[in-house]
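Q: Please take a close look at the aromatic side chains of this model. Which rings pair up, how are they arranged, and where do they sit?

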Amino acid sequence: MLAVALPTVWLSGAGAAAQSQSQQAGQAAEQTLVWTADNSYTEYKSAPATATAGPVTIVFETNESTGNTFGMTHTLTFDVSSPGYNHDVNVNILASPFDTSGGRHEVQVNLTPGTYRYYCMIPGHAGMVGELVVTSAGPTDTTPPQVSASVSGDKDADGNYVSSASVTVSATDDESGVDTVEYALDNGAFQAYTAPVAVNQVGQHTVRYRAADKAGNASAVGSVTFTVVAPKPKDTTPPTVSAAVSGTKDAHGDYVDSATVTISATDADSGVDTVEYALDAGAFQAYTAPVPVSQVGEHTVRYRATDKAGNTSGVATTTFTVVAAPPPARTPLTVTAASRCLGTSVYVAVAAVNDGDVPATVTLTTPYGSTTVANVAPGKQAYQSFNARAKQIGAGKVTVTGTSSIDGENVTTSYEAAYNAISCG
Ligand SMILES: [Cu+2]
């Protein structure tokens with residue numbers, strides 16, 4: 001009976017002390033430290049070497065399951081007097097396989113940083129001794145991880161993702177570290193996030209995400225919403241291409257002096273990539289700006305365009321003619337002058353035939369006088385014979401001007417004609 005009664009007394013004391021410490025800690029023990037003993041009286045069969053400061057459940061077990069087949073009694077006693085050790089925990093458990101707990105006892109204690117010495121106080125068991133080193137738990141992590149998500153993929157002009165989007169969730173925790181990252185697609189359940197999530201179903205989607213750290217702090221649930229659209233149908237239609245010719249046209253529709261060719265191309269699908277043109281027999285070349293053509297003659301410009309999907313239009317052509325600018329307008333006259341004798345007097349005769357299509361006003365001027373004839377009809381002439389009032393004259397020139405209305409403007413043209421020296425009588 002002694003073997004049973006003795007541990008009952010001791011256990012009540014150790015248990016009461018341990019219970020008080022646990023209440024002071026104000027929270028349940030999270031660590032469990034286990035000592036075991038067997039038939040040996042020189043050492044515990046197993047014992048922890050380290051622990052973290054804070055609430056601890058201490059288990060001491062010695063019975064048949066731990067190898068105590070002799071019914072040996074041991075204690076787990078924390079040293080509360082030897083210098084150099086922590087003395088703030090009072091553990092003194094007496095255990096034997098046949099006690100009322102079957103040799104297994106638990107107490108709650110609160111360990112502080114430092115070293116505890118423990119031993120078995122049964123006489124002759126002095127070799128059963130050891131140390132438990134307790135380290136600080138460090139600052140407590142109460143901050144949840146920071147978690148974010150980004151969406152990537154090919155976007156269209158509206159900001160929608162074409163064909164598919166990829167959602168990347170990132171979480172960081174500066175203290176205990178990230179433990180779990182989870183995501184949920186649309187109405188699905190949260191699941192572990194291990195790699196970027198590809199979403200290729202057409203429509204609007206929401207990805208929710210959250211993370212927890214190793215201290216158990218969970219972030220709020222974040223979310224990101226985006227839209228996946230189907231890719232546009234493949235572009236198989238070449239661009240539409242056209243050319244316009246501009247410049248000053250004459251009455252025949254020909255371009256006077258130069259023409260400018262402007263090429264336009266449109267492509268509703270993939271868009272225009274290149275526009276090319278070739279002038280007359282030349283090779284195709286990139287079209288970058290309107291092309292001036294000034295060489296007189298008939299010209300052909302060929303042109304074509306290619307879209308970004310590689311579809312090339314057929315070659316179209318535009319043909320036009322460039323002509324030289326006409327000579328300046330003039331009043332055409334055929335002017336003649338002649339010197340001759342009439343008796344012993346010299347006369348200078350001047351004639352000007354109107355070669356034009358409209359009437360002209362003609363002025364005949366010589367060193368011997370001047371006259372103006374109005375309204376000389378086409379094909380008719382102005383004529384005057386001027387008396388030089390001399391028997392002989394040297395060679396000279398007459399000046400004739402003709403003025404007519406051409407295309408609504410008065411055009412005056414001047415002519416000269418020479419006459420010979422002459423001697424009369
Ligand atoms: Cu012992």
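A: At 6% relative accessibility, Y161 falls under the 20% limit and therefore counts as buried. F226 counts as buried too, with a relative accessibility of 5%. This is a predicted model, and it holds 10 aromatic pairs. Y161 and F226 form one of them: the ring centres are 6.1 Å apart and the planes stand at 90°, over the 60 degrees required, so the pair is edge-to-face. Y161 belongs to strand 10 (residues 161-162) and F226 to strand 16 (residues 222-229), so this contact ties together parts that are 65 residues apart in sequence.

A second pair is made by Y277 and Y287. Their ring centres are 6.1 Å apart with the planes at 90°, so this pair is edge-to-face. Y277 is located in strand 20 (residues 272-279), while Y287 is in the loop between strand 21 (285-286) and strand 22 (291-293); the pair therefore ties together parts that are 10 residues apart in sequence. Y277 and Y287 are both buried.

Ring pairs also build a cluster, which links W35, Y44, F60, F78, Y116 and Y118.

Arginine side chains are found over aromatic rings as well. R210 lies over the face of F190, 3.8 Å from the ring centre. R304 is placed over the face of F284, at 3.8 Å from the centre of that ring.

Methods:
Residues numbered from 1 in each chain as written. Predicted model: local features only at pLDDT ≥ 70, side-chain atom pairs only at ≥ 80, totals over all residues. Heavy atoms only, no water. Phe/Tyr/Trp six-rings, centres within 6.5 Å; stacked < 30°, edge-to-face > 60°. Helix = DSSP H or I, 4+ residues; strand = E, 2+ residues; numbered from the N terminus. Buried < 20%, exposed > 50% of the residue type's maximum accessible area, 1.4 Å probe, protein only. Lys NZ or Arg CZ within 6 Å of the ring centre and 35° of its normal.
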